[in-house]
Amino acid sequence: MQSNRKVSFVIPVRVDSPERAQNLDLVVEQLMALKDSIRMEIRILEADEHPHYELKISDEHIHKTFVRDASPSSIEPNI
């Protein structure tokens, strides 16, 4: 049974490695598994010089926005 309340998950991300994209895919997949039990939306905000992340799941509950941000990442990936 769904609740009348709606939960929004806002995920800011800079995809600076394949692992970061895989982690985001896993988080989205796990959240989508809950969509029958809670009313929700997932909002992904990607910030970088160019978009790097492509949604693997097409669903009305998922919204992706890209914002151009040329500033250097504060965390460097361990590659």
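Colleague: Among contacts in the protein between residues at least 6 apart in sequence, what percentage joins residues at least 24 apart?

Modeller: That's 54%, where a contact means heavy atoms within 4.5 Å. Bear in mind that this is a predicted model, where local features need pLDDT of at least 70 and side-chain atom pairs count only at pLDDT 80 or more, while totals for chains, interfaces and linings use all residues. Residues are numbered from 1 along each chain as its sequence is written, and side-chain values use heavy atoms, with hydrogens and water left out.

Colleague: What elements does the protein have, and in which order do they run?

Modeller: There are one helix and three strands, running β-α-β-β from the N terminus on. Those names come from DSSP runs: helices are H or I with at least four residues, strands are E with at least two, and both are numbered from the N terminus.

Colleague: Why is Val28 called buried?

Modeller: Buried means under 20% relative accessible area, exposed means over 50%, and partly exposed lies in between, with a 1.4 Å probe and protein chains only. Val28 has 3%, so Val28 counts as buried. Over the whole protein, 25% of the 79 residues get that label.

Colleague: Where is Val28, and what does Val28 touch?

Modeller: Val28 sits in helix α1. Leaving aside neighbours within four places in sequence, Val28 is in contact with Ile42, Ile44, Ile57 and Ile62.

Colleague: Which residues touch the most other members of the largest nonpolar core?

Modeller: The term means a set of buried Ala, Val, Leu, Ile, Met, Phe, Trp, Tyr and Cys residues joined through side-chain atoms within 4.5 Å. This core has 13 residues, and Leu24, Val28, Met32, Ile42, Ile44, Tyr53 and Ile62 touch the most other members. Two or more residues come from each of β1 (6–13), α1 (18–32) and β2 (39–48), with α1 giving the most, five.

Colleague: What makes β2 and β3 a pair?

Modeller: Two strands pair if DSSP finds at least two bridges between them. β2 and β3 have seven, in the parallel sense, and that makes them a pair. Ile42, for one, has Ile62 in β3 as its bridge partner.

Colleague: Why is one side of β1 and of β3 left without a neighbour in the sheet?

Modeller: The open sheet has the order β1-β2-β3, with parallel pairing. β1 and β3 (62–68) stand at the edges with a single partner strand each, so one side of each has no neighbour in the sheet.
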